[in-house]
Amino acid sequence: MRWENLTEGPAGPAALFGAGAVVTRTIDTPEFRGITFHEVRARSIVNRVPGASRMPFEWTVNPYRGCSHACVYCFARKTHGYLDLDTGLGFDSQIVVKTNAPELLRRELAAPRWTGAHIAMGTNVDCYQRAEGRYRLMPGIIEALRDRANPFSILTKGTLILRDLPLLREAAEVTEVGISVSVGFTDTPLWRTVEPGTPSPAARLNAVRTLTDAGIECGVLMAPVIPFLGDSPAQLRATVRAVAESGATSVTPLVLHLRPGAREWFTAWLGEHHPHLVERYERMYAGGSYAPTWYQRMITRQVHELAAEFGIGPARRGAARRTAGPDRRDGPEPAGATQLTLL
C-alpha cells in the first residue's frame, strides 16, 4: 500500500496524513468479517470540490475512504488507486478511517479564513456505511457544524443516520440542514446484486419516513437509474410510488454514470451477471462516462411525470401519500411544479 505518497515527509504540506499515523485493524466479528480498517490521522478534513465537477456544492467532508456498501457502480472507486489498492474488492473491504475528523473539523470551522459555506457529506463515499457503527465519527462532526451554525447536507444509503436524529434536529434549529437518502430502485433482486452491502430499499424508505415524521425534511435521490435493468416504466413507477408513500419531500433521478475505475468493475460484473447487455452498454457509454443526453432527459421526464402523479412536491411537503391502485391518483395534482432537487 502506497501510504508514503500521502503522509508527511517528502510529500510536503500537500500530504493527507501525518507520518506514522496509520494503524491497520482487522476485526473478526460477523458485521465486519473480511473488512480491514486503516485508521489515520488526517491533516485536513474540509475539501474543495474540483472546479470541473458537476456537483452543486463547493466543499465536502469525507470521514472515510472506501465503502463497505460495495455498490458495483460506485464512482468513487478510482480514489482507492491512489493507495495502490484495487478499485474492486479493495474498495469494498479496505476502509480508511479518519479518526480525528470531528476534532479537525472543529479547528477548521473556527479558522478565520472559513466563511461558513455549505458543507456536503456522503457525496463521495457514504458517511453512514457500516464502519460508522464502530467509529462513531458523525455525531462529533454534526456537533461541530451545529455549534458553528454551519449549513450542511448529508446523502446516504445508510439507515444508521437515524441514530443521530436528535443531533440533526438540534442542528436544524440553528442552520440549514439538507438530508437525502439514495434509492435508485425498489427491485429486490437487482438490489441484492448491485448494492450487496446496503440496507434494503424498503429499509431506506422507512428511514425517510422516520426523518420526515420527526420534522427533518428528507428528499430521495433516485440514483442510479440503471439502463436496461432498472429503467422500465413499471420499475420507475414502483420506485416513485414507494418514494411518495415514504413522505419524501422531493425525488431526483440520476442516471448511472461510469467513470474510470467504476466502469471496469461494473463491466466485469455485467459480463458475469448480464452478458447479453455488455454490447448495449458499450454503445450507450461510447461517448464517455455519462449516458446520452436524450436518455437522461427521457428518464427525468418520466420520473417528473410520476412525481406529479403521486403528489411529490412543495404543496404536500412531508405528508404520507396513499396510493391504493397502480393507476389511481389521489385527488387533483398539487399546484406548482414538482420539486426535483439534488440535496
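**A chat about the model**

Tutor: Glu309 is buried, with a relative accessible area of 12% (buried means under 20% relative accessible area, exposed over 50%, partly exposed in between, with a 1.4 Å probe and protein chains only). This is a predicted model, where local features need pLDDT of at least 70, side-chain atom pairs count only at pLDDT 80 or more, and totals for chains, interfaces and linings use all residues. Residues are numbered from 1 along each chain as its sequence is written, and side-chain values use heavy atoms, with hydrogens and water left out.

Student: Which helix is Glu309 found in?

Tutor: Glu309 is in helix α11, residues 293–310. Helices (H or I, at least four residues) and strands (E, at least two) are DSSP runs, numbered from the N terminus.

Student: And what does the side chain of Glu309 make a polar contact with?

Tutor: With the side chain of Arg237, at 2.9 Å. A polar contact is a pair of N or O atoms within 3.5 Å; within protein, one must be able to donate a hydrogen and the other to accept it, and residues adjacent in sequence count only if both atoms are side-chain atoms.

Student: New topic: where is Asn62, and is it buried or exposed?

Tutor: Asn62 is in the loop between β4 (59–61) and β5 (64–65). Asn62 is buried, at 9% relative accessible area. Its side chain also has a polar contact of 3.4 Å with the side chain of Thr60.

Student: Leaving aside neighbours within four places in sequence, what is Asn62 in contact with?

Tutor: Ile45, Asn47, Lys98, Asn124 and Val125, where contact means heavy atoms within 4.5 Å.

Student: OK, helices now. At what angle do α4 and α5 pack?

Tutor: About 15°, with the axes of α4 (residues 138–147) and α5 (residues 165–172) 9 Å apart. So α4 is roughly parallel to α5. Axes are lines fitted to C-alpha atoms, for helices over the stretch in contact, and angles run from 0 to 180 degrees between N-to-C directions. Angles under 35 degrees count as roughly parallel, over 145 as roughly antiparallel, 65 to 115 as roughly perpendicular and the rest as oblique.

Student: Which residues meet there?

Tutor: Pro139, Ile142, Glu143 and Arg146 of α4 meet Leu167, Leu168, Glu170 and Ala171 of α5.

Student: Last one: how many helices and strands does the protein chain have?

Tutor: Eleven helices and eleven strands. Of its 343 residues, 54% count as buried.
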